[in-house]
Amino acid sequence: MNPYPHHSIRKVIDLSGAWEFAFLGALDPDTLNLGTIAFTERMVVPQAFDATPAYAGKRGVAVYRNSLRIPAGTIARLRFGGVGMWCRVLIDGQAVAEHSGGYTEFWVDVPRSQNEQRELLVVVDNQFSFERSPLQEEYFDWYHYGGITRPVYLHLLPETYLRHATVRVLDWCTGDIEVALDLGGGAVESLALKASIDSTSIFDNQVSITDQKAVIRLQTPDPQPWSPEHPNLHTLHLHTADDDMEIRFGLRSVRTHGHEILLNDVPVKLKGICRHEFHPQFGPAQPPALMIADLQQVRQLGANFIRGSHYPQDQRFLDLCDELGFLVWEEAIGWQQALRHFTDERYLAAQEQCIDEMIAASINHPSVILWGILNEACTDLPESRPVFERLLGRLRKLDPTRLITYADNRRENSLCLDLVDVVSFNMYPGWYHSELEDVLPFIRKSLDAAHKLAGEIRPFIISEIGADAIPGWHDAHRKRWTEEYQADLLQIACGEMMRNEQITGISIWHFFDFRVTELTQRVLGRPRSYNHKGLMDEYRRPKQAFARMKAIFEQS
Ligand code: ADA
């Protein structure tokens, strides 16, 4: 199951499998003597090495080794789906790239050589270091794993190749689209290009190229709109003399109207969950079987919406959401950022890179309807507003076709709510404060605040609400930590969401229980070092709340 874009002419080698591996311990990756490493072990790619028994809980430097066979003098690039948390890539002992931020896709150019047998080394570091990995810190409320956690592919390329293509839907009814092409390799002034949609040839012409870019307009034959009910996908096949690229796209529009989100001009209620990429045996390196199993259970829940919290998603998961008709909120990484982050230019540059990489990878997924940033940052402080203007502005500039939002927990004290298309509040009445009887008034007060602060009526999402429940803990008192209390609280929240037309949606925190940080000041509220706000336990065994929410979501 390879992520789109696909290729039928271009040679692409999937490097998934058991790579040579060595764990070197907690040292500085700049002090490595790579020539002395004994690769006595194996580690599967993709996998989080610290989700395996031998390295559970370990933090340090690991080195992966693989060999590449590249015809002499050929241009080649490596496509990494994601490496946690920092990595340095070396070819034949020469450092060619570094990357931090474990949840975004990145490409590495392989230096050309007359040798056909090449050595690939990936030095990975899962130690927290603001220097090396400013986007991931130990205080976040999820466990940060290390390793090559998403697939790696080797692309063998012609002198001029198709580097990236964006499909922009101009009219979801007529199927009128615009395709923006980026070329790589040798500069050209024109390119012989063929294009077909769903195997019908619709373009065969010379395209003029400026600065390695070109834009063409195409008409989808037999246009079929994409929607959750009918997730019709069209396949665009681009073809040059010696390269090709196959992209899928969906004919749909998403916009707001007052408190409504309109999908193809029809109001949609977002009934969903927040989902980390996590499993006890794989960490964030979710096998396709797990992705499909999770989506089966999203469907069983009667949900149509997934907030990919709190970082860019695996492209294969988004491909499945496209095919199965789920609506997705995808966000750049963030967790309770403070002023020390917002006054650090390196941090802000790293956030911009995360946004750029997220949008470059996900721009063609019809399932993604919302872009987000910076979960629960300090939006009550004036200094945060320019940062939100800068990063939200970047989202808008890179993709004016989708809605933008962010999850705010400053709520009535927020200074940034007028900057988004959709106002989203995280709230925990009845859990961290107040009691069950306060949940409904709190939701209604929050909605009023959102309307006042946003300057006008906008769609409003409860982007997080929930309660911890220890799996299997039932008690006549029905108090905190019981499955009953969690279900009682969520029943109030989801019932209000369904009844109140000014609440456009909900993403319950959380789909399943998941491992969190082991920092003392946090872990004392997290039995077993787990966050137990899941509707299911970490092995996806439903708690009482699952059935209770299903009954509510399935109401018309
Ligand atoms: C916050 C945060 C989540 C999680 C949640 C909780 O809203 O966004 O990641 O930590 O609280 O369980 O307390």
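How far does a polar side-chain atom of Tyr432 lie from an oxygen atom of the ligand?

Reply: The model is a predicted one, and the distances that follow are computed from its atoms. In the model, the distance between a polar atom in the side chain of Tyr432 and an oxygen atom of the ligand is 2.4 Å. Tyr432 belongs to a set of 13 residues that surround the ligand, and it is listed among the closest of them, together with Asp141, His310, Glu376 and Glu464. Two of these other residues can be described in the way you asked about for Tyr432. In the side chain of Glu464, an N or O atom is 2.4 Å from an oxygen atom of the ligand, while for Asp141 the distance from a side-chain N or O atom to a ligand oxygen is 2.6 Å. As for how far the ligand is covered, it would expose 320 Å² if taken alone, and 96% of that area is buried by the protein.

Turning to the sheets, one of them is open and consists of 4 strands, arranged in the order 1-12-5-9 with antiparallel pairing. Its edges are strand 1, residues 11–14, and strand 9, residues 106–110, and because each of these has a single partner strand, one side of each is left without a neighbour in the sheet. Between neighbouring strands of this sheet the turn is 20° on average, with direction ignored. Strand 1 is joined to strand 12, which covers residues 152–157, by 4 bridges, and the two run antiparallel; within this pairing, Ile13 is found opposite Leu154 of strand 12.

Another open sheet, also built from 4 strands, has the order 16-15-18-19, and its pairing is antiparallel. Here strand 16, residues 200–208, and strand 19, residues 244–249, are the edge strands, each having a single partner strand, so that one side of each lacks a neighbour in the sheet. From one strand to the next, the twist in this sheet averages 20°. Strand 18, which spans residues 234–239, runs antiparallel to strand 19 and is joined to it by 6 bridges, and His234 has Phe249 of strand 19 as its bridge partner.

Methods. Residues are numbered from 1 along each chain as its sequence is written. This is a predicted model: local features need pLDDT of at least 70, side-chain atom pairs count only at pLDDT 80 or more; totals for chains, interfaces and linings use all residues. Side-chain values use heavy atoms; hydrogens and water are left out. Two strands pair if DSSP finds at least two bridges between them. Axes are lines fitted to C-alpha atoms, for helices over the stretch in contact, and angles run from 0 to 180 degrees between N-to-C directions. A residue is near a molecule or strand if one of its heavy atoms lies within 4 Å of it. A polar contact is a pair of N or O atoms within 3.5 Å; within protein, one must be able to donate a hydrogen and the other to accept it, and residues adjacent in sequence count only if both atoms are side-chain atoms. Accessible areas come from the Shrake-Rupley method with a 1.4 Å probe; for residues, only the protein chains shown count as cover.
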